[in-house]
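Please consult the sequence and the model shown below while reading.

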Amino acid sequence: MITCPNCKRENEEGTKICVYCGEPLALSEQGTTRSLEDTDFEEGRPHWGTARFNTRMCMIINIRDSRDRHVFYFDEITELVLGRQDTPSGNEPDLDLNPYDAAAKGVSRRHASIIRRDNSLNVVDMGSPNGTFLNGQRLIGTQPRLIRDGDELRLGHLVLRVSFARA
C-alpha cells in the first residue's frame, strides 16, 4: 500500500494519483524534478562567438567534469531535446543526461530544446522548474535564444559547453 502525502490515506500499490484527494503519489526515483533553491547564482556575461550554423556543420556538446562529447548533425534533425530519460513515463530525450547525475543537479525530463532555424541554432527552456541559463542569463520559458559557438548552457546545475565544427 502507498500512503498519500496529502490526506494520509492508503492507496493500492502502483497507483499514481490518490483516489481520495487527487494528490500525485510517489513516482519513480527519476519521476519528478527536484526543485533547487540556488540556481540563479551567477551574473550574465556576453559571448561573441559566431552564430552562423549551416547544414555542413555539426554541434558538439561537452559536459563539464566529463570527457564525453556528443555530436549532432542538424541536417537530419531540426530539434534536439535535452533532459533525463524516464522509462516509466516513456520520456526519451534526444540527449539523455542521466549519466551525469542530472536528477540531483535539477535537470527535468524535458528540460530544454535546441532548434535549427535557417542558418542558426536557438535554445528554448521547456518550462523547467530549475531554469535554463545561457552564459549565466536565465532564459524566459518557451522563448528562443540564439546559441553561438563556445556558449555555455546550464540546466539547473549541470553545465554544457556548445561548439560548432565543420562536418
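Predicted model: local features only at pLDDT ≥ 70, side-chain atom pairs only at ≥ 80, totals over all residues.

Is cysteine 7 buried, partly exposed or exposed? Cysteine 7 is partly exposed, because its relative accessible area is 26%, a value between the limits of 20% and 50%.

**Cysteines**

- Cysteine 4 counts as buried, since its relative accessibility is 1%, and the limit for a buried residue is under 20%.
- Zero disulfides are found when the whole structure is searched.

**The six-stranded sheet**

- Six strands make up an open sheet with antiparallel pairing, in the order E4-E3-E13-E12-E9-E10.
- The edges are formed by strand E4 (69–73) and strand E10 (137–138); each has a single partner strand, so one side of each lacks a neighbour in the sheet.
- Within this sheet, strand E3 (residues 57–63) pairs with strand E13 (residues 158–166) in the antiparallel sense, over seven bridges.
- Methionine 59 is placed opposite phenylalanine 164 in E13.

**The five-stranded sheet**

- Another open sheet has five strands in the order E6-E5-E7-E8-E11, and its pairing is mixed.
- At its edges stand strand E6 (95–96) and strand E11 (145–147), each with a single partner strand, so one side of each is left without a neighbour in the sheet.
- Strand E7 (residues 112–117) and strand E8 (residues 120–125) run antiparallel and are joined by six bridges.
- Isoleucine 114 lies opposite valine 123 in E8.

Note on methods. Residues numbered from 1 in each chain as written. Heavy atoms only, no water. Disulfide = S-S within 2.5 Å. Buried < 20%, exposed > 50% of the residue type's maximum accessible area, 1.4 Å probe, protein only. Pairing = 2+ DSSP bridges. Helix = DSSP H or I, 4+ residues; strand = E, 2+ residues; numbered from the N terminus.
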